[in-house]
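Dear colleague,

Please find below the structure I am handing over to you.

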Amino acid sequence: MAPEAPVVLAISGASAQPLAQRALQLLLEAGEAVELVTSRGAIGVWQAELGVQVPGDPRAQERFWRERTGCSGGQLRCHRWNDQAAAIASGSFRTRGMVILPASMGTVGRIATGVALDLVERAADVHLKEARPLVICPRETPWNLVHLRNLTSLAEAGARIAPPVPAWYHQPRTIEDMVDFLVIRVFDLLGYDLGMLRRWQGPVRRADSGPGRRDAAS
């Protein structure tokens with residue numbers, strides 16, 4: 001059975017590229033359709049932080065992501081970072097929503113002021129004007145007053161602001177556990193079920209608690 005309308009996954013130039021890769025992997029493993037756009041800044045971050053060269057050509061990039069994620073399932077279409085004639089640049093192209101993971105504050109600022117210099121920003125503008133789900137995951141910290149005002153403007157325009165903030169109640173043991181928690185919680189906002197997650201069920205009570213021991217939730 002063919003997947004329903006695709007999700008737009010946008011990767012901008014902030015330092016959280018492994019979150020984007022894991023999001024793409026989980027979506028494809030779930031058989032979902034993904035429209036992927038990697039900004040010029042994100043390509044630079046991949047090179048600078050990880051020593052990885054992401055191709056600019058859409059077909060070469062699709063092969064790159066398939067190999068990188070080790071996943072042949074789902075549907076994947078990649079777009080050149082500045083291709084404002086792409087399908088996702090039009091409101092008539094139906095999507096399930098859009099996630100910008102991670103979102104740099106430069107990207108946030110331009111979207112908040114209606115400036116679209118690349119495809120990430122244009123697609124985000126389309127989702128706002130069409131009143132479709134737009135989830136923005138700002139990675140930079142701390143936030144100054146300009147950042148806060150830009151994020152407030154986007155929230156008022158209908159976007160959901162979901163910074164990738166970790167939690168400990170699911171008792172992560174590895175970085176991979178933490179990454180999965182962050183990615184799955186972001187895509188919860190669009191109604192996706194991307195994997196097993198230890199969700200909050202109330203305080204943990206240990207039978208062997210006693211002097212010198214505390215409840216796991218304390």
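Within the sheet, isoleucine 136 stands opposite isoleucine 161 of strand β6. Please note that the model is a predicted one. Two bridges connect β5, residues 134–138, with β6, and these two strands run parallel.

The sheet as a whole

The sheet is open and has six strands in the order β3-β2-β1-β4-β5-β6, with parallel pairing. At its edges stand β3 (75–79) and β6 (160–161); each has a single partner strand, so one side of each is left without a neighbour in the sheet.

Strand β4 and its partners

β1 and β4 run parallel and are joined by four bridges, with valine 8 opposite methionine 98 of β4. Four bridges also join β4 to β5, again in parallel; here isoleucine 100 faces isoleucine 136 of β5. In a regular strand, side chains alternate between the two faces of the sheet. In β4, Gly97, Val99, Leu101 and Ala103 point one way, while Met98, Ile100 and Pro102 point the other way. Seven of the seven residues of β4 are buried.

Helices

Helix α5, residues 119–129, lies across β1 (7–11), β2 (33–38), β3, β4 (97–103) and β5, and it runs at about 140° to β4. Helices α4 (residues 105–112) and α6 (residues 145–157) pack with their axes 9 Å apart, at an angle of about 50°. The two helices α4 and α6 are therefore oblique to each other, and their crossing is left-handed. On the α4 side, the contact involves Met105, Val108, Gly109, Ile111 and Ala112, which meet His147, Asn150, Leu151, Ser153 and Leu154 of α6.

Nonpolar cores

The largest nonpolar core comprises 41 residues, and those with the most contacts inside it are Leu9, Val34, Leu36, Trp65, Val99 and Phe187. Helix α7, residues 175–188, gives the most to this core, with eight residues. Apart from this core lies another one, of 22 residues, including Ile111, Leu119, Ala124 and Ile136.

Which residues does leucine 36 touch, leaving aside those up to four places away in sequence? Leucine 36 touches Leu9, Ile11, Leu24, Gln61, Trp65, Leu76, Arg77, Cys78 and His79.

Yours sincerely

Definitions and conventions: Residues are numbered from 1 along each chain as its sequence is written. This is a predicted model: local features need pLDDT of at least 70, side-chain atom pairs count only at pLDDT 80 or more; totals for chains, interfaces and linings use all residues. Side-chain values use heavy atoms; hydrogens and water are left out. Two strands pair if DSSP finds at least two bridges between them. Contact means heavy atoms within 4.5 Å. Axes are lines fitted to C-alpha atoms, for helices over the stretch in contact, and angles run from 0 to 180 degrees between N-to-C directions. A nonpolar core is a set of buried Ala, Val, Leu, Ile, Met, Phe, Trp, Tyr and Cys residues joined through side-chain atoms within 4.5 Å. Buried means under 20% relative accessible area, exposed over 50%, partly exposed in between (1.4 Å probe, protein chains only). Angles under 35 degrees count as roughly parallel, over 145 as roughly antiparallel, 65 to 115 as roughly perpendicular and the rest as oblique. A crossing is left-handed if the near helix is turned anticlockwise from the far one by less than a right angle, and right-handed if clockwise.
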